[in-house]
Amino acid sequence: MTQRHAEIAGAGFAGLTAACALAQRGWSVRVHERADQLRTAGAGIYVYENGLRVLEAVGACAAAVAGANPAHRREVRDEADRLISVHQWDANARAFSIVRQRVINALAAAATGAGAEIVTGSHVTGASPDGELVLADGQRLKADLVIGADGSNSRVRDSLGLLAQRRLLPDGAIRLLIEKTAAERASEEGNKTVEYWSGSRRLLYTPCSDTDIYIALTMLDSDLAARRVPLDRAEWTRSFPRLGALIGRFGDEARYDRFEVIRLKRWSAGKVGLIGDAAHALPPNLGQGGGFAMMNALSLAVYLDRSADVADALAHWERDERPRTEHIQRLSVFYGVPTTWPPLARTLFFALAGKWLVRQRRRVAASRPTGTAA
Ligand SMILES: Cc1cc2nc3c(=O)[nH]c(=O)nc-3n(C[C@H](O)[C@H](O)[C@H](O)COP(=O)(O)OP(=O)(O)OC[C@H]3O[C@@H](n4cnc5c(N)ncnc54)[C@H](O)[C@@H]3O)c2cc1C
């Protein structure tokens with residue numbers, strides 16, 4: 001077979017993983033990233049066994065997890081710092097909290113190492129099913145395969161009319177990174193993952209490197225005071241008075257994202273495939289959006305390797321991979337349903353469904369992604 005060529009829109013988790021996996025299988029690959037640099041939001045990310053296996057398969061795992069924190073235990077506390085519950089992750093399955101930029105850098109290095117080209121400042125506006133990627137400057141680039149990995153506002157997806165459902169959920173989160181203090185670096189307390197609850201507001205404290213702590217503040221989208229960016233530190237201190245010193249360290253650089261669910265009519269049109277949030281965004285309640293973005297990027301390359309007919313390979317890939325992605329979407333949405341409930345009803349929900357949800361969550365995280373070693 002002569003060398004096949006792929007044009008990819010978006011250099012996030014999905015696009016870069018696809019670039020690695022295709023280039024490693026002999027494709028010539030070009031990735032278009034609209035930003036001037038490969039910079040992600042200053043935040044951490046949880047990556048579980050399934051995502052780590054994909055990173056291993058594309059040769060980016062060691063660099064991605066260097067210095068990351070194992071994330072096997074999470075305490076849940078109330079606003080008065082009283083322990084409510086402890087979530088213990090399976091000791092046999094890996095789980096890390098990592099600085100996002102480190103994962104992106106590791107994937108970009110693996111992609112370019114395998115021969116892929118990454119073009120920054122390149123804005124994609126659409127694609128056509130016969131294998132053309134359209135850029136904002138009017139260029140139309142011909143390829144054997146086009147991939148839309150351009151996130152939840154995907155221009156590639158929308159130019160093909162593939163969106164079936166985009167549902168905004170009632171909650172969202174502000175994410176930021178802060179530097180560890182010398183005391184946090186040295187103490188066990190400073191290296192613990194803790195989620196604090198106060199009404200419908202949550203503050204997640206996650207060490208994610210030797211020097212960084214990832215903070216995720218979750219709230220209802222209707223809670224305007226809580227979701228304001230730059231952050232209203234006084235407002236958050238009112239909810240968590242015992243964490244005033246910590247909240248005082250939060251800087252102004254932060255981003256708010258509303259949670260949403262995206263479903264497509266089909267994951268492909270002709271020679272164009274959609275991956276990651278562009279195809280199947282889900283709320284971050286189980287920390288699997290990035291994991292599934294990487295899984296589906298790798299599996300897409302595996303299916304393309306099996307068939308010379310791109311459209312046929314994409315149809316088989318979707319038939320086999322879509323059901324487990326939709327399962328994790330449903331679970332993530334279900335997990336977030338009690339967010340809008342009063343605290344007592346919420347506690348009852350987790351008392352009744354909590355163990356089942358944890359089992360489901362572990363099963364998903366431990367599942368073997370297509371294209372990874374048994
Ligand atoms: C609060 C929050 C917490 C989360 N926590 C976790 C977690 O712990 N674990 C986890 O696995 N997932 C988590 N997720 C989900 C995860 O962030 C996403 O699923 C993941 O980023 C999807 O990757 P992607 O590559 O599909 O999209 P993105 O990360 O959005 O990347 C898309 C890329 O495409 C580029 N782009 C966009 N439009 C264009 C264009 N027109 N032309 C060229 N380039 C373009 C963008 O600049 C970007 O670089 C979380 C999400 C949120 C909101």
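This is a predicted model: local features need pLDDT of at least 70, side-chain atom pairs count only at pLDDT 80 or more; totals for chains, interfaces and linings use all residues.
User: Great. At what angle do H2 and H10 pack?
Analyst: Helix H2 (residues 49–57) packs against helix H10 (residues 289–306) at about 40°, and their axes are 8 Å apart. H2 and H10 are therefore oblique to each other.

User: Which residues make that contact?
Analyst: On the H2 side they are Asn50, Gly51, Val54, Leu55 and Ala57. H10 brings Gly291, Phe292, Met294, Met295 and Leu298. By class, the contact of H2 with H10 has seven nonpolar residues, three polar and no charged.

User: And is the crossing of H1 and H4 left-handed or right-handed?
Analyst: That one is left-handed. The axes of H1 (residues 13–24) and H4 (residues 100–113) come within 8 Å and cross at roughly 25°. H1 and H4 are therefore roughly parallel to each other.

User: Who's touching whom there?
Analyst: From H1, the contact uses Phe13, Leu16, Thr17, Ala19, Cys20 and Gln24. From H4, Arg100, Val103, Ile104, Leu107, Ala108, Ala110 and Ala111 take part. The residues of this H1 and H4 contact divide into ten nonpolar, two polar and one charged.

User: Switching to pockets: what volume does the second largest pocket have?
Analyst: About 280 Å³. The second largest pocket has 14 lining residues, and Glu189, Tyr196, Tyr205, Leu243 and Leu246 lie nearest its centre.

User: Which element gives the most to that lining?
Analyst: Helix H8, with three residues. H8 (244–247) and strand S14 (193–198) each supply at least two residues of the lining.

User: How does the lining split by class?
Analyst: The lining of the second largest pocket has six nonpolar, two polar and six charged residues.

User: Now backbone geometry. Which residues does a cis peptide bond join?
Analyst: Val229 and Pro230, with omega at about 0°. Pro230 sits in the loop between strand S16 (212–220) and helix H7 (233–239).

User: Which residue has a positive phi although it is not a glycine?
Analyst: That's Asp81, with phi of about 70°.

User: Where is Asp81 found?
Analyst: Asp81 is in the loop between strand S5 (73–78) and strand S6 (83–88).

Definitions and conventions:
Residues are numbered from 1 along each chain as its sequence is written. Side-chain values use heavy atoms; hydrogens and water are left out. On a 1 Å grid over the protein atoms alone, a cavity is a set of points where a 1.4 Å probe fits but cannot get out, and a pocket is an open set with protein on both sides within 12 Å along at least five of seven lines; lining residues have an atom within 4 Å of a point. Grid points are joined across faces, edges and corners, and a volume is the space filled by probe spheres set on the points. Helices (H or I, at least four residues) and strands (E, at least two) are DSSP runs, numbered from the N terminus. Ala, Val, Leu, Ile, Met, Phe, Trp, Tyr, Cys and Pro count as nonpolar, Asp, Glu, Lys and Arg as charged, and the others, Gly among them, as polar. Axes are lines fitted to C-alpha atoms, for helices over the stretch in contact, and angles run from 0 to 180 degrees between N-to-C directions. Angles under 35 degrees count as roughly parallel, over 145 as roughly antiparallel, 65 to 115 as roughly perpendicular and the rest as oblique. Contact means heavy atoms within 4.5 Å. A crossing is left-handed if the near helix is turned anticlockwise from the far one by less than a right angle, and right-handed if clockwise.
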